[in-house]
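Dear colleague,

Please find below the structure that I am handing over to you.

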Amino acid sequence: MRVLVTGGAGFIGANFVHSTIENHPDAEVTVLDKLTYAGNPDSIAGLDRVELVVGDIADADTVDPLVKDADVVVNFAAESHNDNSLNDPSPFIRTNIEGTFQILEAVRRHGTRLHHISTDEVYGDLEIDEPRKFAPGDPYKPSSPYSSSKGASDLLVRAWVRSFGVPATISNCSNNYGPYQHIEKFIPRTITNLIDGVRPRVYGTGEQVRDWIHVLDHNSAVWEIINKGRIGETYLIGANGEKNNLEVTKMILAEFGRDPDDFDHVNDRPGHDQRYAIDNSKLVEETGWQPSFQDFAAGLHNTVEWYKANEAWWRPQKEAVEAKYAKQGQ
Ligand code: NAD
Ligand code: TDX
């Protein structure tokens, strides 16, 4: 089985490559990755049965032969950071929309199975204390240039399934944590700040809620959908891990033996989504998937240990990331 993983040098894609090689001895993996600031070839270095092609998913000539050779395409490639999309939306439009379009056109030509990776943010946000969670049939109501570009990509996939019979599925997952996540994101930024003795930065009140899932659980759900999902369907992936940003900050502070109030409130994110929460019942009922990492504190502890042990992986980015945040008062 030849698996084409786009964005396989990024956080979730690299973890997907590792677990695919480990759990699928018959799989050969081709990674197509542009190696933007967010892609790091070291994340997949030295793995057997993995080939890295450096290229752009929005470039039809690059994408076509790779899709032709693949049995299944898993599209992780994206611009993924909300804060960056507020500063410059243009790469989000090109990669997330134009890139998905080119993958769909190649898949249409060659009849290849596609799984498209998306986010729960396409559904907008929930009130902090309402009982409702996001469900697969909910209307799209994205808030940021990032989430609207992901929503647009999902709508293209749905249309290509209906109009052209492309064999595709979509998943919308909640916030991931774990190894190899870029240090611009909340959990690794907080951990690496504390390694450097710097106080964590909490946007606004810190009462915003995210539904945390370990990256390996996201990826095991993706394999379940590839194997058992119904073509044309959308599956929501989440592991009932709601926590607000203050709680997460305090848990990470505790990992470093620091006082729970040892953090700073900084400028809020414009348009900041208040709460995400996933109703995963369709995924669980149709595929039997269950998450393995039910204990967030234990998963967070392992993630802190990973960043402590892998400073060489993240250190080169730290200064530039913090300089960018400093300019935004964050
Ligand atoms: P990431 O930013 O860590 O990685 C993205 C990867 O895509 C990088 O390796 C980058 O070099 C590559 N890339 C960017 N533009 C490209 C292009 N034009 N052509 C080829 N490669 C390109 O992102 P991530 O956190 O691993 O997210 C992966 C996917 O999962 C995204 O589609 C994202 O929307 C989705 N998602 C992420 C989360 C999360 O919590 N991180 C949650 C739900 C869904
Ligand atoms: O330093 C920080 N302080 C802080 O309070 C940072 C970087 C973030 N935050 C807040 C903003 C959010 O409420 O923490 C929360 C999480 O922020 P991010 O890590 O930027 O993630 P989020 O915006 O929730 O989006 C993530 O989950 C959904 C991924 O980055 C997306 O790719 C995915 O689609």
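The notes below describe the surroundings of the two ligands.

This is a predicted model, in which local features need pLDDT of at least 70 and side-chain atom pairs count only at pLDDT 80 or more, whereas totals for chains, interfaces and linings use all residues. Residues are numbered from 1 along each chain as its sequence is written, chains are lettered from A and ligands numbered from 1 in the order in which they are written, and side-chain values use heavy atoms, with hydrogens and water left out.

Ligand 1

There are 28 residues around ligand 1, and I12, D33, S80, Y146 and K150 come nearest; a residue counts as near if one of its heavy atoms lies within 4 Å of the molecule. Polar contacts are pairs of N or O atoms within 3.5 Å; within protein, one must be able to donate a hydrogen and the other to accept it, and residues adjacent in sequence count only if both atoms are side-chain atoms. D33 places a polar side-chain atom 2.6 Å from an oxygen atom of ligand 1, and a polar side-chain atom of Y146 likewise lies 2.6 Å from an oxygen atom of this ligand. At L35, a polar backbone atom is 3.5 Å from a ligand 1 oxygen. Taken alone, ligand 1 exposes 840 Å², of which the protein buries 96% (areas by the Shrake-Rupley method with a 1.4 Å probe; for residues, only the protein chains shown count as cover).

Helices α1 (11-23) and α5 (145-164) and strand β5 (113-119) each supply at least two residues of this shell; β5 gives the largest share, three residues. Helices (H or I, at least four residues) and strands (E, at least two) are DSSP runs, numbered from the N terminus.

Ligand 2

The surroundings of ligand 2 comprise 21 residues, the closest being T119, Y146, R210, R269 and H272. A polar side-chain atom of R269 lies 2.6 Å from an oxygen atom of ligand 2, and one of N245 lies 2.9 Å from a ligand 2 oxygen. S80 contributes through its backbone, with an N or O atom 2.8 Å from an oxygen atom of ligand 2. The protein covers 94% of the 660 Å² of accessible area that ligand 2 has on its own.

Both α6 (186-195) and β8 (201-203) supply at least two residues of the shell around ligand 2, and the largest share, three residues, comes from β8.

With kind regards
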